[in-house]
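Please read these points with the model open beside you. They go from the whole chain to one helix and then to the ligand.

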Amino acid sequence: MAKHPLTRIEISKEYLNFSAGHFTIFSSVARENLHGHNFRVRCAVTAGIGADGMTFDYVVLKRVLRELCDALDERMLLPELSPYLRIERGDGMVFACFDRERIPFLERDVLLLPLRNVTIEELAELLLARLRDRPELIGADVRGIELGVSSGLGQWAYSTWESE
Ligand SMILES: Nc1nc2c(c(=O)[nH]1)N=C([C@H](O)[C@H](O)COP(=O)(O)OP(=O)(O)OP(=O)(O)O)CN2
(Lines give C-alpha, C1' and ligand atoms only; values in the text may rest on other atoms or scores of the structure.)
Protein backbone atom coordinates (compact mmCIF):
# COMPACT_ATOMS: atom_id res chain seq x y z
CA MET A 1 0.00 0.00 0.00
CA ALA A 2 1.35 3.46 -0.92
CA LYS A 3 2.35 5.46 2.13
CA HIS A 4 1.00 8.96 2.57
CA PRO A 5 3.43 11.82 3.10
CA LEU A 6 3.82 12.41 6.81
CA THR A 7 3.36 15.55 8.84
CA ARG A 8 3.47 16.41 12.51
CA ILE A 9 0.50 18.17 14.06
CA GLU A 10 1.49 19.96 17.25
CA ILE A 11 -1.15 21.07 19.74
CA SER A 12 -0.02 23.43 22.48
CA LYS A 13 -2.83 25.51 23.93
CA GLU A 14 -3.06 27.65 27.04
CA TYR A 15 -6.22 25.83 28.15
CA LEU A 16 -4.59 22.40 28.09
CA ASN A 17 -3.79 22.40 31.79
CA PHE A 18 -4.91 21.04 35.11
CA SER A 19 -4.37 22.32 38.64
CA ALA A 20 -3.65 19.55 41.07
CA GLY A 21 -2.08 18.79 44.40
CA HIS A 22 0.64 16.18 44.81
CA PHE A 23 3.87 15.27 46.51
CA THR A 24 6.72 13.41 44.87
CA ILE A 25 7.97 10.38 46.78
CA PHE A 26 11.73 9.75 46.73
CA SER A 27 12.06 6.74 49.03
CA SER A 28 10.27 4.95 51.84
CA VAL A 29 11.12 7.84 54.17
CA ALA A 30 11.52 10.88 51.91
CA ARG A 31 8.78 12.82 50.20
CA GLU A 32 8.04 16.38 49.20
CA ASN A 33 5.63 18.46 51.20
CA LEU A 34 2.16 18.65 49.75
CA HIS A 35 1.95 21.33 47.06
CA GLY A 36 0.22 22.05 43.77
CA HIS A 37 1.06 22.86 40.17
CA ASN A 38 -0.69 24.21 37.15
CA PHE A 39 0.33 21.23 35.05
CA ARG A 40 0.37 21.87 31.32
CA VAL A 41 -0.10 19.37 28.52
CA ARG A 42 0.96 19.41 24.88
CA CYS A 43 0.82 16.83 22.15
CA ALA A 44 2.30 16.14 18.73
CA VAL A 45 0.86 13.55 16.38
CA THR A 46 2.73 12.30 13.33
CA ALA A 47 0.32 11.11 10.68
CA GLY A 48 -0.09 10.63 6.95
CA ILE A 49 -1.70 13.40 4.90
CA GLY A 50 -4.77 12.03 3.12
CA ALA A 51 -6.07 12.85 -0.34
CA ASP A 52 -8.14 15.63 1.23
CA GLY A 53 -4.95 17.42 2.31
CA MET A 54 -5.50 16.62 5.99
CA THR A 55 -4.17 14.17 8.51
CA PHE A 56 -7.24 14.27 10.77
CA ASP A 57 -9.38 17.04 12.20
CA TYR A 58 -7.18 18.53 14.93
CA VAL A 59 -10.23 20.10 16.60
CA VAL A 60 -11.16 16.58 17.68
CA LEU A 61 -7.70 16.05 19.16
CA LYS A 62 -7.92 19.33 21.09
CA ARG A 63 -11.30 18.32 22.51
CA VAL A 64 -9.97 14.96 23.70
CA LEU A 65 -6.88 16.53 25.28
CA ARG A 66 -9.07 19.02 27.09
CA GLU A 67 -11.23 16.23 28.48
CA LEU A 68 -8.13 14.37 29.65
CA CYS A 69 -6.94 17.50 31.46
CA ASP A 70 -10.35 18.18 32.99
CA ALA A 71 -10.40 14.67 34.47
CA LEU A 72 -7.36 15.57 36.60
CA ASP A 73 -8.29 19.15 37.43
CA GLU A 74 -8.73 20.42 41.00
CA ARG A 75 -7.86 17.17 42.68
CA MET A 76 -5.29 15.84 45.07
CA LEU A 77 -3.47 13.21 43.00
CA LEU A 78 -2.23 10.10 44.79
CA PRO A 79 -0.26 7.21 43.25
CA GLU A 80 -1.92 3.89 44.01
CA LEU A 81 1.06 1.88 42.70
CA SER A 82 3.68 3.45 44.93
CA PRO A 83 5.55 0.82 46.93
CA TYR A 84 5.91 3.42 49.69
CA LEU A 85 2.32 4.61 50.04
CA ARG A 86 -0.61 2.73 51.46
CA ILE A 87 -4.13 4.00 50.85
CA GLU A 88 -6.82 3.59 53.49
CA ARG A 89 -10.44 4.68 53.18
CA GLY A 90 -13.27 5.26 55.60
CA ASP A 91 -16.10 7.65 56.53
CA GLY A 92 -15.72 9.72 53.37
CA MET A 93 -12.00 10.08 53.91
CA VAL A 94 -8.90 8.82 52.15
CA PHE A 95 -5.73 8.39 54.17
CA ALA A 96 -2.34 8.39 52.49
CA CYS A 97 -0.12 6.35 54.78
CA PHE A 98 3.55 7.14 54.27
CA ASP A 99 6.35 6.16 56.63
CA ARG A 100 4.91 7.09 60.05
CA GLU A 101 2.38 9.55 58.66
CA ARG A 102 -1.33 9.01 58.03
CA ILE A 103 -2.32 11.99 55.89
CA PRO A 104 -6.09 12.64 55.74
CA PHE A 105 -8.00 13.91 52.70
CA LEU A 106 -11.68 14.21 51.92
CA GLU A 107 -12.56 11.45 49.47
CA ARG A 108 -14.21 13.93 47.08
CA ASP A 109 -10.94 15.84 46.69
CA VAL A 110 -8.77 12.83 45.91
CA LEU A 111 -8.03 11.06 42.67
CA LEU A 112 -6.17 7.77 42.92
CA LEU A 113 -4.11 7.20 39.80
CA PRO A 114 -2.55 3.94 38.54
CA LEU A 115 0.94 5.41 38.92
CA ARG A 116 4.05 4.64 40.96
CA ASN A 117 4.63 8.32 41.68
CA VAL A 118 2.88 11.54 40.74
CA THR A 119 5.68 12.91 38.59
CA ILE A 120 5.48 14.55 35.20
CA GLU A 121 7.03 11.40 33.69
CA GLU A 122 4.24 9.21 35.04
CA LEU A 123 1.51 11.72 34.19
CA ALA A 124 2.78 11.93 30.59
CA GLU A 125 2.71 8.14 30.30
CA LEU A 126 -0.80 7.97 31.76
CA LEU A 127 -2.22 10.69 29.51
CA LEU A 128 -0.62 9.15 26.43
CA ALA A 129 -2.19 5.78 27.28
CA ARG A 130 -5.56 7.45 27.87
CA LEU A 131 -5.30 9.31 24.56
CA ARG A 132 -4.46 6.09 22.73
CA ASP A 133 -7.47 4.39 24.34
CA ARG A 134 -9.82 6.97 22.88
CA PRO A 135 -11.63 6.11 19.66
CA GLU A 136 -11.42 9.56 18.06
CA LEU A 137 -8.17 9.03 16.17
CA ILE A 138 -9.04 5.55 14.94
CA GLY A 139 -9.10 5.55 11.16
CA ALA A 140 -6.50 8.31 10.88
CA ASP A 141 -3.10 7.26 9.55
CA VAL A 142 -1.37 7.92 12.88
CA ARG A 143 2.29 6.85 13.03
CA GLY A 144 3.41 8.38 16.28
CA ILE A 145 2.32 10.43 19.27
CA GLU A 146 4.39 12.50 21.65
CA LEU A 147 2.67 13.82 24.75
CA GLY A 148 4.29 16.25 27.16
CA VAL A 149 3.40 17.25 30.70
CA SER A 150 4.93 20.22 32.51
CA SER A 151 4.82 21.11 36.20
CA GLY A 152 6.04 24.64 35.54
CA LEU A 153 7.85 26.87 33.11
CA GLY A 154 10.77 25.08 31.47
CA GLN A 155 10.28 21.58 32.93
CA TRP A 156 8.61 19.01 30.71
CA ALA A 157 8.47 15.23 30.46
CA TYR A 158 7.51 13.53 27.21
CA SER A 159 6.12 10.09 26.51
CA THR A 160 6.14 8.73 23.01
CA TRP A 161 4.44 6.02 21.05
CA GLU A 162 5.32 4.89 17.51
CA SER A 163 3.45 2.52 15.27
CA GLU A 164 5.36 -0.57 14.24
N1 LIG B 1 12.07 13.68 37.57
C2 LIG B 1 11.25 14.46 38.30
N3 LIG B 1 11.75 15.14 39.33
C4 LIG B 1 10.95 15.92 40.06
C5 LIG B 1 9.59 16.05 39.76
C6 LIG B 1 9.07 15.32 38.66
O7 LIG B 1 7.88 15.37 38.31
N8 LIG B 1 9.94 14.53 37.96
N9 LIG B 1 8.81 16.87 40.50
C10 LIG B 1 9.29 17.59 41.48
C11 LIG B 1 8.45 18.55 42.24
O12 LIG B 1 7.16 18.04 42.43
C13 LIG B 1 8.34 19.94 41.59
O14 LIG B 1 7.61 19.87 40.43
C15 LIG B 1 9.63 20.60 41.31
O16 LIG B 1 9.83 21.46 42.28
P17 LIG B 1 10.90 22.62 42.19
O18 LIG B 1 11.76 22.45 41.00
O19 LIG B 1 11.56 22.64 43.51
O20 LIG B 1 10.00 23.88 42.07
P21 LIG B 1 9.34 24.58 40.83
O22 LIG B 1 8.55 23.59 40.03
O23 LIG B 1 8.57 25.74 41.34
O24 LIG B 1 10.54 25.07 39.93
P25 LIG B 1 11.49 26.39 40.04
O26 LIG B 1 12.65 26.03 39.13
O27 LIG B 1 11.86 26.54 41.45
O28 LIG B 1 10.68 27.52 39.51
C29 LIG B 1 10.68 17.48 41.91
N30 LIG B 1 11.47 16.59 41.10
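**Notes on the chain**

1. In this predicted model, 63% of the contacts with a separation of 6 or more join residues 24 or more positions apart in the chain.

2. The chain has two helices and ten strands. Read from the N terminus, the order of elements is β-β-β-α-β-β-β-β-β-α-β-β.

3. Along the principal axes, the C-alpha atoms occupy a box of roughly 60 × 30 × 25 Å. The chain has 164 residues, and 28% of these count as buried.

4. Now look at α2, which covers residues 120-133. This helix has 14 residues, and the distance from its first C-alpha to its last is 20 Å, close to the 20 Å expected at 1.5 Å a residue.

5. Which residues of α2 are buried? They are I120, E122, L123, A124, E125, L127, L128 and L131. An α-helix has 3.6 residues a turn, so residues three or four places apart point the same way.

6. The buried residues of α2 pack against β3 (35-48), α1 (58-70), β9 and β10 (155-162).

7. Around the ligand are T24, E32, H37, T119, I120, E121, S151 and G152. By type, this shell holds one nonpolar, five polar and two charged residues. Both α2 and β9 (142-152) supply at least two residues of the shell.

Methods. Residues are numbered from 1 along each chain as its sequence is written. This is a predicted model: local features need pLDDT of at least 70, side-chain atom pairs count only at pLDDT 80 or more; totals for chains, interfaces and linings use all residues. A residue is near a molecule or strand if its C-beta atom, placed from the backbone, lies within 6 Å of it. Helices (H or I, at least four residues) and strands (E, at least two) are DSSP runs, numbered from the N terminus. Ala, Val, Leu, Ile, Met, Phe, Trp, Tyr, Cys and Pro count as nonpolar, Asp, Glu, Lys and Arg as charged, and the others, Gly among them, as polar. A residue is buried if 20 or more other C-beta atoms lie within 10 Å of its own, exposed if 12 or fewer, and partly exposed in between; C-beta atoms are placed from the backbone. Two residues are in contact if their C-beta atoms, placed from the backbone, lie within 7 Å. The expected span of a helix is 1.5 Å times one less than its number of residues.
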